[in-house]
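Student: I have a structure open and would like to go through it piece by piece. Can we begin with the charged side chains?

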Amino acid sequence: MKNILAIPISFILTGSLLACGNQEGGIEENTQQINYQQEAVLEDTEITNGISPYINNFSNSDTLIVYFSRVGNTEYPDDVVASTSASIVADNDTFGTTGVIANIIRESTGGDIHLIQTKEPYPSDFDALREQNHDEMNSGYLPLLKESDLNMDKYSTVFIGYPVWATDVPQAVLSFLSKYDLSEKTVIPFCTHDGYGAGGSYNTIAKACGNANVLEGLAIDSSDISSAQETVETWLNSIGIENPMSENSETAINIKIGNITLNGVIYDTALAHEITDHFPLSVSMVGYGGREYYGGINFVPENASGGQLNFENGHITYCGDNNTIAIFYAQTDRPNLTMEVIPIGKVTSDLSVFDTLDSREDITFSITE
Ligand SMILES: Cc1cc2nc3c(=O)[nH]c(=O)nc-3n(C[C@H](O)[C@H](O)[C@H](O)COP(=O)(O)O)c2cc1C
């Protein structure tokens, strides 16, 4: 799927109202008049239990944006481009509205993107789809998903996007949440709708996510899709996610090892700030496994929830289990860690110097003047 955000100007909204209608009968149906669900709860529901409005730690490498959409889950007749309320064609690719928002988020946060796909496609006819969705909801049916090689262990932050169906989440999203364990991760819902808001969907997501830290979601009206970028960015900032892709959000640091000085950056996260408050910070670090140098620090940061069991070369990380800081410099044939680490920054200089160091080194981290 191409990244639509590089070319926002080329968005073309394709006949939204016609697309939602019964194509075979040629009837145009106004989506705003559709009675999506008799038992509708038409207001956004505020979630309270266990929900924190702020994200503590954030880095793009461990972020997954997963979403469901009618587009990508429907076999449309050849003469229909996409039977969704506001499908978008960008650079010859067609996205549902939820896919557009997913790509905007990804543009801001980085990370991986994954479309939830059911084994059986949904009907292209709107009434048939609405009927099937009601049946699935009423019976609690969880549609089977297509196989994928998604490795959830890689991620500590998971955005979950979906179109609101019958004022709630499509059952395929619940299939996804029953298949993957998101407890202990930060989960951030987002949805698109045709004017009736998120309904009960945030609560449903929170309930299905076990012990996850579920943040405040975002609901975007499909008619606002072409101007959604700013809304999405404002929302991301409001939940504590500043654009980690932007250089402005990183602070330059240097890392002194004997007479060698390396360059690096520290991310703009609460944990990273807490640790840089102790800079210049000297840590006695030992080499381990041909992949990392780590050493204990003499204070315990407070903002240390979450973490991941993998690393990128150059990552500077904090590990809450043994209160250590590490610099990872080489992937090995054992890329999975036994304790979770939280990336707080990155060494940007050539990493080959780590191959030449003694088994124990005093390493000093300082803000670059
Ligand atoms: C079966 C079905 C049920 C829907 N129910 C609602 C609803 O309850 N409230 C609402 O505002 N929009 C509802 N919609 C509209 C979609 O949420 C909206 O068009 C969404 O942006 C489509 O996203 P997509 O293109 O990614 O599939 C429904 C659409 C379908 C197909």
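Tutor: This is a predicted model. The side chains of R130 and D127 meet in a salt bridge, with 3.2 Å from N to O.

Student: Why are R130 and D127 about one helical turn apart?

Tutor: Because R130 and D127 are three residues apart in helix 3. An α-helix has 3.6 residues a turn, so residues three or four places apart point the same way.

Student: What is the relative accessible area of R130, and that of D127?

Tutor: R130 has 26%, so R130 is partly exposed. D127 is at 35% and also counts as partly exposed.

Student: How many salt bridges are there?

Tutor: The count comes to four. One of them joins K154 and D112, whose closest N and O atoms are 3.4 Å apart. That pair links distant parts of the chain, 42 residues apart. K154 sits in the loop between helix 3 and strand 6, and D112 in strand 5.

Student: What does K346 form a salt bridge with?

Tutor: With E312, at 2.7 Å between the closest N and O atoms. K346 is in strand 16, while E312 is in the loop between strand 13 and strand 14, 34 residues apart. K346 is partly exposed at 22% relative accessibility, and E312 is partly exposed at 30%.

Student: New topic: helix 6. Which of its residues are buried?

Tutor: A228, V232, W235 and L236 are the buried residues of helix 6, which runs over residues 228-238. Seen down the helix axis, these residues fall within an arc of 100°, so they line one face of helix 6.

Student: What is on the face turned away from the buried side?

Tutor: The exposed residues E230 and T234 are there.

Student: And what covers the buried residues of helix 6?

Tutor: The cover includes helix 2, strand 6, strand 7 and strand 9.

Student: What happens just after helix 6?

Tutor: G240 takes a positive phi of about 90° there.

Student: Now rings. How many aromatic pairs are found in the whole structure?

Tutor: Eleven. In one of them, F159 and W235 have ring centres 6.1 Å apart and planes at 70°, so the pair is edge-to-face. F159 lies in strand 6 and W235 in helix 6, so the pair ties together parts that are 76 residues apart in sequence.

Student: Are F159 and W235 buried or exposed?

Tutor: F159 is buried, and W235 is too. Another aromatic pair, Y293 with F354, is tilted, at 6.0 Å centre to centre and 40° between the planes. Because Y293 is in strand 13 and F354 in the loop between strand 16 and strand 17, that pair ties together parts 61 residues apart in sequence. Y293 and F354 are both buried.

Student: Which residues do ring pairs link into a cluster?

Tutor: F68, Y122 and W165.

Student: Last topic, the strands. In what sense do strand 12 and strand 17 pair?

Tutor: In the antiparallel sense, over six bridges. Within that pairing, V283 stands opposite I363 of strand 17.

Student: How many bridges are there between strand 12 and strand 13?

Tutor: Three, and that pairing is antiparallel. V286 is opposite Y294 in strand 13.

Student: How many residues come between the two strands in the hairpin?

Tutor: Three residues come between strand 12 and strand 13, and G289 in the turn has a positive phi of about 65°.

Note on methods. Residues numbered from 1 in each chain as written. Predicted model: local features only at pLDDT ≥ 70, side-chain atom pairs only at ≥ 80, totals over all residues. Heavy atoms only, no water. Pairing = 2+ DSSP bridges. Helix = DSSP H or I, 4+ residues; strand = E, 2+ residues; numbered from the N terminus. Buried < 20%, exposed > 50% of the residue type's maximum accessible area, 1.4 Å probe, protein only. Arc of directions from axis to C-beta. Contact = heavy atoms within 4.5 Å. Phe/Tyr/Trp six-rings, centres within 6.5 Å; stacked < 30°, edge-to-face > 60°.
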